[in-house]
Amino acid sequence: MPQIEHQYVEANGIRLHCAVAGSGSKLMLFLHGFPEFWAAWRKPMAHFAARGWLCVAPDLRGYNLSDKPEGVESYRAKHLMADVLALGAHYASGKFTLVAHDWGGAVAWAVAIGESQRAERRISHLVMINSPHPYVFWRELSSNPAQQKASEYMNVFRLPKAERVLSENGYARLLTAFGHLEPAWRAELVQAWSQPGALTGGLNYYRASPLYPPTADDFGAKKLRFERKDFMVRVPTLVLWGERDTALLTGCLEGLGECVPDLKVVRAPDASHWIVHEKPDLVCSEIEKFVAP
C-alpha cells in the first residue's frame with residue numbers, strides 16, 4: 001500500500017494540513033465533508049496512488065490539523081473556493097480531478113461553477129458523492145417538505161449551543177451516524193473532533209451558508225432567488241449517490257442534468273451517506289472508469 005506523507009501548505013493566507021500519497025503529474029484532490037477529515041479518503045487514495053496518481057486529501061479549513069480561522073465570515077464560499085484552487089495550483093501545474101463528499105462537495109460545486117465561467121479551466125473531471133448541487137438543493141429546501149424535514153438538523157447545527165450539544169457524552173450524538181462503521185474509524189473521528197476549535201470550524205460551514213431549511217421564524221432558503229443559468233457546471237461530472245442517505249434525499253438528483261450537461265449518475269440503492277466507507281470498491285471502480293483517457 002502506498003505510504004501517506006503529511007504536509008502543511010500555505011494556501012490562501014492559512015496553513016492547511018494535507019495527506020499525500022503517490023506521485024506523478026496527475027493530481028486527484030479529495031475534499032471531505034462534515035464531520036470527517038482527510039482520512040475518510042484513505043482507501044481511494046491508496047487505490048489511485050497505486051495507479052500513478054498524485055492523491056492529496058486536505059483537512060479543510062476549520063478541521064482537524066488545518067488552521068481554524070475565527071468567525072463565521074471566514075467560512076464563506078469565496079474563502080473555501082480559494083483554498084481549493086490554491087491547493088490545486090500548489091500540487092498541479094495543469095488541470096486536476098476533484099473528488100468531493102458532503103460539505104467538501106458543496107465547495108467543489110462552487111469551484112466548478114466558477115470554473116465554468118472561465119476561459120481556462122483547472123478542473124478536468126468532477127466527482128461528487130452524496131453532495132447536492134446548490135441550485136437543486138435550494139429548490140428542494142424551498143419547496144420539498146420531505147427534504148425540509150430531513151435537513152432540520154442543519155438549523156440545530158447553526159445554533160450557538162451546537163458545540164455543547166454535539167460534544168456531550170463523548171460526542172455521542174455525532175457518533176450515532178457512524179455506528180455501523182468500524183470502531184477504529186469512530187475513534188479516529190473523536191480524536192479529530194477533539195482538536196482545539198475543530199468542532200466550531202466544522203459547524204461554521206453551516207452557519208456561513210444561506211442554504212438551510214425554513215422555519216416559522218426564518219424563511220431560510222426561501223429568502224433566496226436562484227436562477228439556473230447562474231449555477232451551470234460545464235465540467236465532466238460523475239455523481240455517486242447512496243440512496244439510503246437520510247439527510248440528503250434522492251430528490252436532490254431530479255433535474256440535475258439541466259444544471260450539469262455532461263453528467264453521469266450512479267445510484268447505490270443499498271448504500272447510505274457514508275458510501276465511501278461502505279462501498280469503497282464501487283466508488284473506486286466508478287471513478288476509475290470515469291477518469292480513464
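Me: Is G257 buried, exposed or partly exposed?
Reply: G257 is partly exposed, because its relative accessible area is 42%. Buried means under 20% relative accessible area, exposed over 50%, and partly exposed in between, with a 1.4 Å probe and protein chains only. Please note that this is a predicted model, in which local features need pLDDT of at least 70, side-chain atom pairs count only at pLDDT 80 or more, and totals for chains, interfaces and linings use all residues. Residues are numbered from 1 along each chain as its sequence is written, and side-chain values use heavy atoms, with hydrogens and water left out.

Me: Where is G257 found?
Reply: G257 is found in the loop between β7 and β8. Strands (E, at least two residues) and helices (H or I, at least four) are DSSP runs numbered from the N terminus.

Me: How far apart are the C-alpha atoms of G257 and M232?
Reply: They are separated by 9.8 Å, and the two residues are 25 residues apart along the chain.

Me: How do β7 and β8 pair, parallel or antiparallel?
Reply: Strand β7 (residues 237-242) pairs with β8 in the parallel sense, over six bridges. In β8, K264 is the bridge partner of L238. Two strands count as paired if DSSP finds at least two bridges between them.

Me: What is the order of the strands in the sheet?
Reply: Eight strands form an open sheet with mixed pairing, in the order β1-β2-β4-β3-β5-β6-β7-β8. Its edge strands, each pairing on one side only, are β1 (4-11) and β8 (263-268).

Me: Which strands does helix α11 touch?
Reply: Helix α11 (residues 280-291) packs on the sheet and touches β3 (27-31), β5 (96-101), β6 (123-129), β7 and β8. Contact means heavy atoms within 4.5 Å.

Me: Changing topic, what is the volume of the largest pocket?
Reply: The volume of the largest pocket is about 680 Å³. A pocket is an open set of points on a 1 Å grid over the protein atoms alone, where a 1.4 Å probe fits, with protein on both sides within 12 Å along at least five of seven lines; lining residues have an atom within 4 Å of a point. A volume is the space filled by probe spheres set on the points, which are joined across faces, edges and corners.

Me: Which residues lie nearest its centre?
Reply: Of the 30 residues lining the largest pocket, W103, A106, P134, S209 and L211 lie nearest its centre. The largest share of this lining, eight residues, comes from α3.

Note on methods
Axes are lines fitted to C-alpha atoms, for helices over the stretch in contact, and angles run from 0 to 180 degrees between N-to-C directions.
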